[in-house]
Amino acid sequence: MGKIFLLFFILLILTISKCYIVLEVDLLPKENYKSEYDLNSPKDIMSKEFISSYYTELEVGDPSQKIPLLIKQKTNDYIITSSNPLEEPKRDYTSKKLIYDFSKTFLESHSYYNELKSNSISQGQCEKRKPIDEPEKPIAEEVCGSNETISLYNNIDLKEKTNYKNFYFDLAKNSKDNVTGVIGLGLTDTYYHTSFLKVLKNNKLIDSYHWFFEFNSWDSTSGKLILGSLLENIYSDKYSSDDLVTTHSGDAMYVYWDMNFDEIYIKNESDKIKFINSREKAELNVESNLIIGNKDYKNYLLTILNEFMNEKCFSDNFKGYDEMFEYYTNITFYYCKNDKNVKDKLYKSISTIYFNSIDLKTTFELTKEQILKENNDYIFINIVFSENLNRWILGKQIALKYKFIFNPETKNIYYYPSMSKSEPEKTNYLKIILICALLVIVCVIGIIIGKLLYGKSKKRRANELKDDNYEYFPEENKDKDNKIISDNDNE
């Protein structure tokens with residue numbers, strides 16, 4: 001009876017359990033970005049806010065090597081860069097860098113992956129990522145499909161890592177900007193069969209392609225990246241599937257994580273000032289501390305700054321690089337002297353911007369405290385403007401302030417508009433009641449089956465006692481064919 005009950009209990013746990021992976025992420029320090037401007041000048045400050053990436057450390061190989069990998073939102077590339085470069089590279093990615101330039105300090109505490117020191121790597125065929133004469137630049141000049149042991153967290157509390165053997169990755173030679181590695185979470189189908197999410201899903205380490213960030217605040221320097229789960233599966237006391245809403249992302253022309261907004265506006269004393277004329281898409285960008293606004297907002301902003309322009313407020317520009325389409329564009333930004341009169345005027349005139357989404361049943365807010373940023377002698381305005389774009393691109397102030405969930409398979413963005421605990425708690429109570437009911441049913445079934453088996457055994461034992469020549473030998477369980485996918489299975 002005990003074995004039958006245990007079997008039913010294990011099946012029940014497997015039915016309600018969820019599989020997901022958690023990566024610890026940190027903000028890449030500013031000294032690791034390429035800049036052509038004078039250090040700490042307004043151009044330098046704003047250009048380093050324009051791209052502000054996170055990275056995670058993967059424990060790879062035997063013996064273990066900790067390798068930092070950049071988290072990228074607009075690609076599905078998944079590479080780990082070798083410390084053993086090509087002998088005759090055709091592209092000089094090492095010195096001709098576009099965005100990243102890892103400092104000596106960073107590389108003293110972090111390193112590239114050395115496959116020659118690993119006892120567990122299985123390296124496959126190497127190939128050019130793209131033909132060398134194509135105008136677009138691949139993430140690396142050469143990649144080698146490989147398998148390795150990788151340690152990952154599969155719990156939200158980050159208590160203990162599990163080692164997974166034969167885990168696929170692309171070993172990169174001569175990677176762009178000579179970065180140590182990349183994990184892409186983008187919409188594009190390019191190399192999708194080798195993306196990090198795809199590898200996790202193929203190995204049944206995650207239940208779905210959902211992913212989301214978890215930070216204490218939008219400007220936190222460290223947090224978590226959760227792969228393969230919705231919020232309701234991890235925090236059932238706070239989130240409910242009944243509250244989950246969705247909107248589609250990614251038009252045929254674009255590969256950005258974007259969503260529809262029905263209104264973008266500010267409130268004045270009696271009316272709204274709108275900055276879009278109809279339902280429009282805006283991009284969510286977790287890799288930037290800046291907001292790109294449209295021309296309507298630029299014109300509105302200039303009316304506020306007009307009386308101070310050229311004396312206490314200034315206009316300037318820097319070169320912003322688009323990683324996906326690989327081109328530079330001029331980004332115009334505004335800043336003012338950190339003067340009391342100017343400061344009072346800015347905080348009085350700059351208003352919260354509201355982004356209303358009917359699909360997600362929420363109006364998202366960009367506050368004046370998020371728009372304005374004081375930096376020593378200056379106050380910078382975090383809404384900038386691109387000469388090639390007339391649409392909104394929402395940085396971390398929106399993209400990380402609110403817990404959006406992304407899914408590249410469905411190309412959807414998910415959100416829980418209601419954060420009240422009343423409904424989720426009701427749902428959670430129902431789950432507890434259901435689990436208790438199932439346990440009672442399992443117990444009853446186990447008792448019934450146990451009594452039946454015990455009765456038959458007792459009757460057979462009585463018959464056996466009548467037969468002096470009968471000997472009984474218990475049969476041993478010889479089934480030892482278990483598929484091992486992690487070291488924990490051996491314990």
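Leaving aside its neighbours within four places in sequence, which residues is phenylalanine 364 in contact with? Contact here means heavy atoms within 4.5 Å, and the list is Met259, Phe261, Ile353, Tyr354, Phe355, Ser357, Ile398, Tyr402, Phe404 and Tyr415. This is a predicted model, so local features need pLDDT of at least 70 and side-chain atom pairs count only at pLDDT 80 or more, while totals for chains, interfaces and linings use all residues. Residues are numbered from 1 along each chain as its sequence is written, and side-chain values use heavy atoms, with hydrogens and water left out.

Phe364 also turns up in the largest nonpolar core, which has 81 residues. Such a core is a set of buried Ala, Val, Leu, Ile, Met, Phe, Trp, Tyr and Cys residues joined through side-chain atoms within 4.5 Å, buried being under 20% relative accessible area with a 1.4 Å probe, protein chains only. Phe364 is listed among those with the most contacts inside this core, along with Phe167, Tyr297, Ile353, Trp392 and Phe404.

On to the rings: the whole structure holds 37 aromatic pairs (Phe, Tyr or Trp rings, the six-membered one for Trp, with centres within 6.5 Å). One of them joins Phe261 and Phe355, edge-to-face (planes over 60 degrees apart) at 5.6 Å centre to centre and 65° between the planes. These two partners sit 94 residues apart, Phe261 in strand 12 and Phe355 in strand 19 (strands are DSSP runs of E, at least two residues, numbered from the N terminus). Both Phe261 and Phe355 are buried, and one aromatic cluster includes them together with Phe364.

Methods:
Rings of Phe, Tyr and Trp (its six-membered ring) pair if their centres lie within 6.5 Å; planes under 30 degrees apart count as stacked, over 60 as edge-to-face and the rest as tilted. Helices (H or I, at least four residues) and strands (E, at least two) are DSSP runs, numbered from the N terminus. Buried means under 20% relative accessible area, exposed over 50%, partly exposed in between (1.4 Å probe, protein chains only).
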